[in-house]
Amino acid sequence: MKYESQKVAYWFFATCMLLLSLQLVYGFIMAFAHAGYDVLHPWVPFNAARASHNNLLVMWLLAGFMGAAYYIIPDECERPLYWPKLAYVQLIAFVIVGVTAIIGFHFNWWEGRKFLEIPRPLDYLVVVDVLLFVVNIGMTVWKGSKMTTTSIVLFFGLLMAAVLYLPGMIPTDHQTHDAFWRWWVVHLWVEGVWELIMGGILAYLLIRLTGVDREIVEKWLYVIVGFTFLSGILGTGHHYYFIGTPNYWLWIGGIFSALEPLAFLGMAIYGLALARKGGRNHPNRIALFWTVGCCVMSFVGAGFLGMAHTLPQVNLYTHGTLVTAMHGHMAFWGAYAMLVLAIMTYALPQLTGRKLFDTPSAIYAFWSTNIGMTAMTVAFGIAGVAQVYLERRAGMEFLDVQRELQVHFIGLILAATLFTSGIIAFIYNFIRYGWPVGDVEEPVPTGLRAAVPAE
Amino acid sequence: MLSKSAARAFFLSGTLLFSAVFIWLTVDTFQRIPAQTNSDELTESVARGKQIWEENNCMGCHTLLGEGAYYAPELTRVYDRRGPAFIAQMLRDPEAVYPGQRRMVKYDFSEAQIDDMNAFFQWIGRMDLNGFPPEPTIGLAGAAPIPIPGGERPEIFSQVCTACHALGGIGGAIGPALDFVGDRFDRGYLMRWITDPQAVKPGTTMPKLGLTQEQRNEVVIFLSKQREGGL
């Protein structure tokens with residue numbers, strides 16, 4: 001850690017841990033409801049649990065991205081945050097808005113649009129809050145003594161994420177328009193600009209952890225985010241197959257979605273190749289585990305499993321079934337959850353000054369979460385495929401099919417328990433690191449950087 | 001070998017080009033949506049229905065146009081499949097319609113709001129969705145239909161009764177199958193039964209259906225023809 005102001009990242013990461021824990025609670029509520037035990041229905045009906053589960057995910061990932069940016073940007077630009085105090089204000093406001101939204105869901109206060117359930121008045125507050133963040137980061141980049149590709153890509157990813165929140169607020173009475181704009185936000189986030197953020201954070205981690213030359217890492221960063229946008233922008237079409245939009249989207253969405261795994265495959269090869277090529281033995285091996293794991297699991301979850309049902313002929317039957325939940329869980333885990341956990345694992349020793357690195361509990365956290373999530377994906381996949389055949393192909397009634405699927409949710413709960421034990425181990429480690437009191441390094445003049453090993 | 005500036009040029013030009021194409025397709029799509037979705041039939045009642053749909057986060061359990069959660073039935077074609085009478089009864093008291101089954105929140109909608117929901121579902125159901133939802137094609141759905149006595153199923157029977165009961169292999173498995181039900185009960189009993197099940201058999205899970213006298217007559221006549229000798 002080079003600057004005192006980077007310490008704010010710790011509090012963003014602590015927020016992540018808190019929101020992630022809550023997200024898991026709502027996940028279990030839904031899994032039990034699916035398995036036939038909807039005992040909490042009078043207090044937490046399924047739609048409240050679902051909105052909370054999804055929005056907590058988005059909130060903790062965004063908190064993670066912001067924390068990552070507050071840690072990485074000063075480091076890359078070689079200057080402290082422009083407004084260090086504003087970062088704390090912005091975090092507190094973010095948490096207040098988020099918690100208000102989650103509480104509101106339990107009192108039927110929401111917008112009821114998939115993934116964008118936060119009620120409209122709070123939407124405006126989110127925009128203001130994210131703008132404060134973007135301006136703070138932007139000023140730091142602008143006034144910094146160095147402008148690296150990594151920091152520019154990260155900054156533009158965050159800026160575009162804020163801008164692309166706006167189409168979701170276009171008012172309309174038309175369900176098709178509503179769905180169309182909703183995917184501008186959701187798809188162009190997760191299969192577009194969030195991948196810029198992902199690329200930026202991964203590049204930073206790979207440069208630090210492997211010691212591979214920055215020029216090489218950043219060159220391939222451009223190639224990979226280039227492929228992401230080349231396939232991902234028109235790949236939005238796979239959400240426009242069956243919502244009342246023209247049928248040319250079947251062709252466009254089908255072809256460009258089929259290219260989307262290439263970008264993720266590129267990311268996986270990039271991570272693996274750089275990890276092997278790097279000569280440096282960074283002591284924080286577990287951070288490299290999470291970094292390379294993120295590259296690989298995002299390919300499996302977002303790339304491969306996404307491709308498995310974006311072909312229009314397949315999607316005609318799987319659209320709106322549990323097959324989507326199968327893909328969704330591993331995609332978000334691999335691409336974004338692991339990314340945030342990777343930057344946290346890397347940054348914590350610096351932020352707190354304690355070099356715990358790969359303790360047994362840290363290694364347990366890595367393997368049990370990944371094995372648990374893989375098993376959850378299998379359970380969702382089996383339930384989803386069974387649903388497709390019984391309901392969509394054979395025409396059985398919805399509720400009759402759901403009863404047949406209950407046993408798979410028992411399997412899901414078992415897998416989720418393993419996953420949760422890993423998250424508990426991760427949080428235990430987080431707490432063991434203690435408060436952010438890490439030593440701030442002596443600033444190094446820019447010209448001498450190359451001669452001094454990073455960190 | 002690829003240089004960093006060439007990689008940057010690839011990224012920038014590709015992103016700009018495909019963003020431009022995407023925006024152009026968006027403009028084109030918005031010009032075609034009205035014809036494909038009967039935008040001219042989007043009445044104020046439909047708009048109010050959409051509002052109710054969103055204010056109560058119906059998508060948090062159901063799917064519509066295949067979008068939403070996977071906890072409750074897909075509702076894109078619900079107006080055709082179940083009809084306005086069933087939808088209304090379900091919205092008035094979901095647990096009375098599906099007792100002991102997966103639960104839905106009881107919302108206390110006014111009758112006017114229920115009409116708006118029906119208008120919304122009717123409008124959604126008439127959209128051209130490029131073949132979604134697909135017709136089932138395998139198993140019983142793909143085989144020749146099992147012959148039943150009594151002629152064609154009345155529409156109200158297919159919409160309401162089939163939600164729980166099967167006849168000739170078509171329908172739900174929540175209530176007992178109705179094959180040859182005419183051999184077991186006479187018209188008077190069937191009429192009393194579907195008018196007020198609790199009065200006939202207190203504690204039964206069979207719900208009050210809220211059908212009109214005419215609809216009940218149609219169903220009772222059809223059911224009484226379900227006799228083994230009737231084929």
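This is a predicted model: local features need pLDDT of at least 70, side-chain atom pairs count only at pLDDT 80 or more; totals for chains, interfaces and linings use all residues.
1. Architecture of chain A. The secondary structure of chain A comprises 13 helices and 0 strands.

2. Extent and interior of chain A. Along the principal axes, the C-alpha atoms of chain A fill a box of roughly 70 × 45 × 45 Å. Of its 455 residues, 58% are buried. When contacts in chain A between residues at least 6 apart in sequence are considered, 82% link residues at least 24 apart.

3. Architecture of chain B. Chain B contains 10 helices and 4 strands. From the N terminus, the order of these elements is α-α-β-β-α-α-α-α-β-β-α-α-α-α. For 231 residues the globule rule gives 17 Å, whereas the radius of gyration of chain B is 24 Å, well over that value, so the chain is more spread out than a compact globule.

4. Extent and interior of chain B. The box filled by the C-alpha atoms of chain B is roughly 85 × 45 × 35 Å along the principal axes. Buried residues account for 33% of the 231 residues in chain B. Among its contacts between residues at least 6 apart in sequence, 65% join residues at least 24 apart.

5. The contact between the chains. Chain A contributes 57 residues to the contact and chain B contributes 61 residues. On the side of chain A that touches chain B, the elements giving two or more residues include helix H1 (8–34), helix H2 (46–77), helix H6 (175–210) and helix H7 (214–235) of chain A. H7(A) gives the most to this side, with 11 residues. The residues on this side of chain A divide into 25 nonpolar, 18 polar and 14 charged.

6. Helix H5 of chain B. This helix covers residues 111–125 and has 15 residues. From its first C-alpha to its last it reaches 21 Å, close to the 21 Å expected at 1.5 Å a residue. Buried residues of H5(B) include B:Ile114, B:Met117, B:Phe120, B:Phe121, B:Trp123 and B:Ile124; B:Asp116 and B:Asn118 are also buried.

7. Surroundings of H5(B). Within chain B, the buried residues of H5(B) pack against helix H2 (44–55), strand S1 (63–64) and helix H3 (78–92). The buried residues of H5(B) also pack against H6 of chain A, a helix that gives two or more residues to the side of chain A touching chain B.

Key. Residues are numbered from 1 along each chain as its sequence is written. Chains are lettered from A and ligands numbered from 1 in the order in which they are written. Two residues are in contact if their C-beta atoms, placed from the backbone, lie within 7 Å. Ala, Val, Leu, Ile, Met, Phe, Trp, Tyr, Cys and Pro count as nonpolar, Asp, Glu, Lys and Arg as charged, and the others, Gly among them, as polar. The expected span of a helix is 1.5 Å times one less than its number of residues. A residue is buried if 20 or more other C-beta atoms lie within 10 Å of its own, exposed if 12 or fewer, and partly exposed in between; C-beta atoms are placed from the backbone. The radius of gyration is taken over C-alpha atoms; the globule rule is 2.2 Å times the number of residues to the power 0.38.
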